[in-house]
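Try each task before you read its solution.

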Amino acid sequence: MNINVSRRDLLKGSGALVVSFSLVPAGDALAQGAAPAKPVALTELDSFLAIDARGQVMVYSGKVDLGTGITTALRQIVAEELDVPFSRIALLQGDSRLTPDQGKTWGSLTIQVGGMQLRNAAATARGALLEEAAKRLSAKKEDLKVADGVISAGTRRVTYGQLIGGKGFALKLDHAKPAQPKDPKDHTVVGKSIPRIDIPSKVTGRFAYIQDIRVPGMLHGRVVRPPAIGATLQSVDESSVKGVAGLVKVVRQGNFLGVVAQSEWGAITAAQKLKATWSTWQGLPEQAKLYEHVRATKVVQDQVTGNVGDTAAALSGDGVRKLAATYDFAIHTHGSMGPSCAIAELKDGKLTSWSASQATHDLRKQLAEMLGMSADDVYCVYLEGSGCYGRNGHEDAAADAALLAKAVGKPVRVQWSRADEHGWDPKGPPTLIDLRAAIDAGGNVTAWESDFFIPQQTAGSFMVPLTGATLAGLPQKGDIAPGNVFQNSAIPYKFANVKTVCRRLESTPFRPSWIRTPGRMQNTYANECFMDELAAAAKVDPIEFRLKYLDPTDRRGIEVLTRLKALAKWETRPSPQAGSGAGGNIARGRGVSYVKYELVRTYVGIVADVEVDRASGAIRVTRITMTHDCGQIINPDGVRNQVEGNIIQTLSRTLIEELKFDRSMVTSLDWASYPILTFPDVPEVVIELINQPNTPPWGAGEPSAAVVPSAISNAVFDATGVRLRSIPYTPDKVKAALAGGA
Amino acid sequence: MAQRKSLNVNGKSVRVTIDDPEMPLLYALRDNLALRGPRFGCGLGQCGACTVHVDGKAMRSCQLPLSRLTSSQRIVTLEGLGSPQQPHPVQKAFIDTQAAQCGYCINGMIMESVALLATNRKPSDADIRKALANNLCRCGTHVRILAAVKRAAGIA
């Protein structure tokens, strides 16, 4: 079965209802490169939504669903603000011609920013429809009633479809001064756990991921990556694949090597059999000396993120107790369950790219630059893939597909292998953090200093280089883009003297990108562990200690911690617990952590309960208790699902995950060498969502992950009196720490 | 050399044209028969995303060469269990508990759980965890997946 990926089919398949075709400008012609009639500017209402004659609403979202359920939540926002039934709304996402460029789908901003832009569009549309209805019905606007897309004045009524059906609004939007939205007390759709629309088709095998899409005439491609990251391709023996059935072409361009075949299995077979000779390359640091390498890397910028008072003077003052610690956090892979996949077709000088890119508008520019084309001739379409948790290999697969499609003149689908994904997705960079503090005789913190050794970020640009372009030697910007990893290096605690500095490094061993909670996780980890060290030194309960230093006017932060104490049945006492250094084989403890995300939004508090097996060094997390305030909640079950996922995924990253490599290449190329958490180790999870319906909605896709590593570290300290400072907390490291008694 | 292979998939006899009898079943299901339930995750038998039933037993279709299958073996995929309109009780339990994030692994979770419940109608929490121990999920949907299987078994 072939699936013709036209806009029409996508629209038909994108929701529970079949959208009126009149909404889709030019239909199939779009796929052939006709100019779109529909605006995509953020300042145009018609960029975001359209209503057809039957009153069906089409929402155009530049933010995409990465498996988080936001397409359900975004529909809820529009249904609420526009007063139309949820079931009458379809949503098209991530289409570089049809959806507005709302920025990458990252940073827990889809609801907070993208959703609020949609709310503004819907509120503006509703206001305009009421104006028009008032004229038609000869009534005052304030006397009109709206329900289910029908406006009435007494017995006279007019539908949205009659008012605007198929026509544009031609109205401007100013997202800095949005239209007045509904009073939250009138919400009937927002705040409800509406079931996700994609789940029935996903659990019955009907949902089409990018990996399932087929286009007419499509061939199958595989890439053959070098055995060392910087190796040069010296020769290719094409006779090695001569017998492979259906082989179309071996494609070689610089160090980019790939095969194209009629069938997927043919492409896999050819990629496995192809003999190529590569130069050696050993440009990676020794893994055992990774953090020495990080510390020795040239600093190109000292970015001061917090500066209060005079820490140097406070640290050298008389009668203070000084503490210092160094924390590190391993390199992680995104580890998507479905390796990256993309399809490309280059026809009549125009490129169409189907992928699961989290930023199709950006990808369009990158592909155009790589192929020396005008961005106007590149069209990028988003199709949902396996969860990516950041910038994984999807964009790279799109580049690979474009290179292979260009080489064979036919549409090519590229499916990465597991080794391609584990080996070649961009990585979360290694992070090293030094902390110093002073405590006076009264147990008060008088100084806090920190240095975060993290890679630089190209100013104002977040284009992770495309591996295919790098290997092929094609033009592209040389960005280094780990994301906004400086965030949460500054602290929410009010000490008299504070200096937090991000030492931005010239380079990092692997091509970096953002992985869920980038920087915020690593930085919060060090800060909240060190905070626990200070509380222990001051012999104060760690929650009381945090409350003592939080801004007393920050009511929501205090509420998150206060509610956490009740939810976790917290026993007020300092850590470590009495008898932690001795006793039986299993040591039990509890640890707390807290974050105010980026110091301006979502608040999270967490308690982890752990058991440490002194003999094996294994940490077992038995229970996670969390309080979570992300403002106005659009879909409570959706938020809960994300928070649960953050907790479990981050337990895995904290306890198990670490990229392995030799001097040439990643060596953890499968799930055996890069294991993740499995069912036997899943703890009990207790979550309290604190809804704040009268405040703006904030992100929930990342913040709860930030607090997990530190809560576990602090719990292990509570249990054993031993402080763990190097992620992941593998049994070997734990045993060594217990033996050292540090 | 192209050859034909007869299979029994979701209750129907089908014939697929293949070049290589050592091709794993996964590719016949996905590429020849356009099925979407079984998913490519690793090709190594490590993640479970490709799981199907062969005569009621959960098997990794990425590790099952067509040469080892006969036309009398009953292959069932996620599609063969139920549909959005008429889901299998385990599929319905996954919908009711909203047990998916990206959903890419869910095929394996459901196929493995159905096979478990066929032989152990009232599994314990530990039984379920053990049965799913070799099925990976990266989104961290485990808590809900456990709840869904318990719901399907009538123990939650």
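**Exercise 1.** In which loop of chain A is Ser138(A) found?

Solution. This is a predicted model. Ser138(A) sits in the loop between helix 3 (110–136) and strand 4 (145–147) of chain A. Next, look at its backbone. Phi of Ser138(A) is near 50 degrees, a positive value in a residue other than glycine. Last, check its surface. Exposed means over 50% relative accessible area. Ser138(A) has 65% relative accessibility, so it counts as exposed.

**Exercise 2.** Which residues of helix 19 of chain A are buried, and which are exposed on the other side?

Solution. Start with the buried ones: Val734(A), Ala737(A) and Leu738(A), in a helix that covers residues 731–740. They span an arc of only 100 degrees around the axis, so they lie on the same side of helix 19 of chain A. An α-helix has 3.6 residues a turn, so residues three or four places apart point the same way. Now turn to the other side of helix 19 of chain A. Asp732(A), Ala736(A), Ala739(A) and Gly740(A) are exposed there. Finally, find the cover. Strand 22 (603–613), strand 23 (619–629) and helix 18 (708–720) of chain A are among the elements over the buried residues of helix 19.

**Exercise 3.** How do helix 3 and helix 6 of chain B cross?

Solution. Take the axes of helix 3 (residues 89–96) and helix 6 (residues 142–152) of chain B. They come within 8 Å and cross at roughly 135 degrees. That angle makes helix 3 of chain B oblique to helix 6 of chain B. The crossing of these two helices is right-handed. Now sort the contact residues: eight are nonpolar, none polar and two charged.

Definitions and conventions:
Residues numbered from 1 in each chain as written. Chains lettered and ligands numbered in written order. Predicted model: local features only at pLDDT ≥ 70, side-chain atom pairs only at ≥ 80, totals over all residues. Heavy atoms only, no water. Buried < 20%, exposed > 50% of the residue type's maximum accessible area, 1.4 Å probe, protein only. Helix = DSSP H or I, 4+ residues; strand = E, 2+ residues; numbered from the N terminus. Arc of directions from axis to C-beta. Contact = heavy atoms within 4.5 Å. Axes fitted to C-alpha atoms, helices over the stretch in contact; angles between N-to-C directions. Parallel < 35°, antiparallel > 145°, perpendicular 65-115°, else oblique. Left-handed = near helix turned anticlockwise from the far one by under 90°. Nonpolar A, V, L, I, M, F, W, Y, C, P; charged D, E, K, R; others polar.
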